[in-house]
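Please look over the sequence and the structure shown here before reading on. The paragraphs that follow take up the charged pairs and then the annotated segments.

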Amino acid sequence: MSVMVARKKVVRKWEKLPGRNTFCCDGRIMMARQKGIFYLTLFLILGTCALFFAFECRYLAVQLSPAIPVFAAVLFLFAMATLLRTSFSDPGVIPRALPDEAAFIEMEIEATNGTVPQGQRPPPRIKNFQINNQIVKLKYCYTCKIFRPPRASHCSICDNCVERFDHHCPWVGNCVGKRNYRYFYLFILSLSLLTIYIFTFNIVYVALKSLKIGFLNTLKETPGTYPSPELSLTLLTVLEVLICFFTLWSVVGLTGFHTFLVALNQTTNEDIKGSWTGKNRVQNPYSHGNIVKNCCEVLCGPLPPSVLDRRGILQQEESTAPEESSCPRGTVQGSGGQAEAEQKDRSLPHPSASSTEVPTEKQQPSGELPIPPQDTGQAEH
């Protein structure tokens, strides 16, 4: 006999969050949906470092110093740790307004702007906010139904408003904002040092080999550890040099650009829009006027907690699932047994109303008390 049993399913907030993000490990990991270039980043870093550790490091550790592979391993681990921390964390997404909050904000806007005549464009939804004796405009987000905080912007790829939005980086597969910018900066800085390190010691490796057996013989050298005799160790070294050479310009240039932004306490989004330079000629209200103070605030300041509460319990949904009961035949259990008993009761013959005597009570007139029955002399025990 099968019985329907109700079970409660726990629904966490990350399962119902709007936007175009993906979550893993029960909401602990948060990334953008477009992760193809992020996998390419992992492949380039892991592949280049694997070739360097497998071949050049062994030769250089014997010929020069055993500290060469140790320092390379430290740079590699630090770069990977900061990359994963940037990619898997919440960049500072701002929750969207609830329906009641959105309706209240709409009422405030209508009360402030008044009724707009038909056919005219409504005025821009902007609030003025003062920071360090300077007026900063807070813009209204029509998607999130909120007035964005200062320096926040809406990412069109992730479809979320991000606090202190810098840019969306496809190489890390996530937005770069207030909560992961320092890790992004440390990642590109450590990757620049790692690229320069591998590029330099690859050239040193080819130079040491060329001094011993000549440059042409170095190119023709084939170690016995390779499955194919045509594949030369030096050809792999040349491949590493080419990868590092083309990576060097982009990564080192990007590191220099973000070092400039950190020194000014400015974001990429503000630099592109020219918020504090160009025609506006408005002074940056977030800058302390000191490079050291700006760097300390951006890289060493307190990290704000996430306001999403991704793993918080949203509600509990009830789901029914059939279960087989082990009751013997003939016993009544639950609603199924009651149904069988009622069916058996209907099949039995019922006496008619004429064959049974139904005692009738004498109706008392209104206003009179009922007379108790006389005692028949039988005691009740």
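**Charged pairs across the chain**

Arg 151 and Glu 270 form a salt bridge, in which the closest N and O atoms are 2.9 Å apart (a salt bridge being a side-chain nitrogen of Lys or Arg within 4 Å of a carboxyl oxygen of Asp or Glu). Because Arg 151 lies in the loop between strand 7 (146–147) and strand 8, while Glu 270 belongs to helix 7 (residues 268–273), the pair ties together parts that are 119 residues apart in sequence; helices (H or I, at least four residues) and strands (E, at least two) are DSSP runs, numbered from the N terminus. Arg 151 counts as buried at 15% relative accessibility, and Glu 270 is likewise buried, with a relative accessible area of 6% (buried means under 20% relative accessible area, exposed over 50%, and partly exposed in between, with a 1.4 Å probe and protein chains only).

The model is predicted, so local features need pLDDT of at least 70 and side-chain atom pairs count only at pLDDT 80 or more, whereas totals for chains, interfaces and linings use all residues. Residues are numbered from 1 along each chain as its sequence is written, and side-chain values use heavy atoms, with hydrogens and water left out.

The structure holds seven salt bridges. One of them joins Asp 159 to Arg 20, with the closest N and O atoms 4.0 Å apart. This pair links distant parts of the chain, 139 residues apart, since Asp 159 sits in the loop between strand 8 (153–155) and strand 9 (160–162) and Arg 20 in the loop between strand 1 (2–12) and strand 2 (21–24). Asp 159 is buried, at a relative accessible area of 19%, whereas Arg 20 counts as partly exposed at 33% relative accessibility.

Glu 163 forms a salt bridge with Lys 178, the closest N and O atoms being 3.4 Å apart. Glu 163 lies in the loop between strand 9 and strand 10 (167–169) and Lys 178 in the loop between strand 11 (174–176) and helix 4 (181–213), so the parts that this pair ties together are 15 residues apart in sequence. Glu 163 is partly exposed, with a relative accessible area of 29%, and Lys 178 counts as partly exposed at 35% relative accessibility. Elsewhere, Arg 12, Asp 26 and Arg 311 are linked in a network of salt bridges.

Turning to the annotation, UniProt lists residues 37–55, 67–84, 183–208 and 235–264 under "transmembrane region" in an unreviewed entry; its positions are given in the numbering used here, feature names are shortened, and annotations may be inferred rather than shown by experiment. Over residues 37–55 the chain is 100% helix and 0% strand, with the end C-alpha atoms 27 Å apart. Over residues 67–84 the chain is 100% helix and 0% strand, and there the end C-alpha atoms are 26 Å apart.
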